[in-house]
Amino acid sequence: MSKKIFSGVQPTGNLHLGNYLGAIKNFVELSKDKKNQCIFCVVDLHSITTKQDPKKLRDNIYETVASFIASGIDPKKNIIFNQSRVPAHSEAAWILSCVARMGWLNRMTQFKEKAGKDKEKASVGLYSYPILMAADILLYDATHVPVGDDQKQHLELSRDIAQKFNNEFKVENFFKTPDPLIQKDFSRIMSLKDGLKKMSKSDSSDASRINLTDNKDQIINKIKKAKTDTFPMPKDTEELKSRPEARNLISIYSSLTNTKIDQNIEILSGKNFSEFKESLSQVLVDKIEPITKEIKKLLNDRSYIEQILDEGSKKANEIASKKIKEIHKIVGF
Ligand code: AQP
């Protein structure tokens, strides 16, 4: 079955292994299936929900596009663009914010985590972020959205918003209800310093994540210093449940080598961590180093990236502006 794929990544710097294994790797696989129509968006409107330095933001937009291409997304066959160049996103977000309910947004756990204790000081944008995400997806009639596990709740909200709009305006099936595509065993890559915390761009410790721009020595060092417990490698998946750091490292290894976690446990059982860490470093370097080199090469030619964004946003605009015109008619503008 052909799928309409839409997904986004925020240009907030420090793109990391979690973004790669949880989302971008899946983008690449989906984009290689000729039956799929894929749209990948650098969600710069989302990124300003937390404070950004304008100069760095511009650089990060380029770096995110470069990371997509370096990871294997072909810009000739797929639409790559940044959200702010397609005004329909902001407009649809406003209209949908009049459909979404406060009670729904109040349940969003990511806002609670990101706003922290002082939620009075969080931006209104951070609170309404999931509505913009719904607009992104619904404008393109996306059927499937590849995301990490942390975005599952936001995607469910997009479905609720789509259904409420369709019911309220009596336009059956006008907005499609998108399905999440979440990697089964690798949907949440954890910090290298704490197996219970998500690997994240905003973690103040650079050692907590493998960045897509890290070189070989940095990768080897970070894996060497990655937190583990004092026991040998676990002997079965049951044991893995109570050993979050071991589970994370074995998951990373399995995802990178496209192998099953239980098979790897059988092979690794009883060995010590230092031996396993060497193999893990090797597969990481083999995977990440070519991507890092390609990102650097691409960033030397900004006019090429500019051209991709230009062409991508023209194509995205064609689709999104048609949909927003239909939305206008439906709501009575
Ligand atoms: N640790 C992760 N494991 C698996 N998937 C992840 N994603 C993010 N972190 C992990 C997925 O990557 C895609 C792009 O994410 P984003 O750019 O929207 O940023 P984010 O989720 O805000 O990323 P961070 O690193 O988690 O940022 P901060 O530090 O701000 O919290 C999404 O599909 C996401 O699920």
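**Helix packing and cavities**

A: Helix α4 crosses α14 in a left-handed way; a crossing is left-handed if the near helix is turned anticlockwise from the far one by less than a right angle, and right-handed if clockwise. The model is predicted, so local features need pLDDT of at least 70 and side-chain atom pairs pLDDT 80 or more, while totals for chains, interfaces and linings use all residues. Residues are numbered from 1 along each chain as its sequence is written, and side-chain values use heavy atoms, without hydrogens and water.

Q: Which residues of α4 and α14 make the contact?

A: Contact means heavy atoms within 4.5 Å. From α4 come Ala 88, Glu 91, Ala 92 and Ile 95, and from α14 come Ala 320, Ile 324, Ile 327, His 328 and Val 331.

Q: How is empty space found?

A: Rolling a probe the size of a water molecule over the atoms shows where empty space is left. On a 1 Å grid over the protein atoms alone, a cavity is a set of points where a 1.4 Å probe fits but cannot get out; lining residues have an atom within 4 Å of a point. Grid points are joined across faces, edges and corners, and a volume is the space filled by probe spheres set on the points. This structure holds two cavities of 30 Å³ or more.

Q: What lines the largest cavity?

A: Its lining consists of Gln 110, Phe 111, Lys 114, Leu 126, Tyr 129, Pro 130 and His 154. The largest cavity holds about 50 Å³ of space.

Q: What is the volume of the second largest cavity?

A: The second largest cavity has about 30 Å³. Among its lining residues are Gln 10, Asn 60 and Glu 63.

Conventions. Helix = DSSP H or I, 4+ residues; strand = E, 2+ residues; numbered from the N terminus. 1 Å grid on protein atoms, 1.4 Å probe; cavity = no way out; pocket = protein on both sides within 12 Å on 5 of 7 lines; lining within 4 Å.
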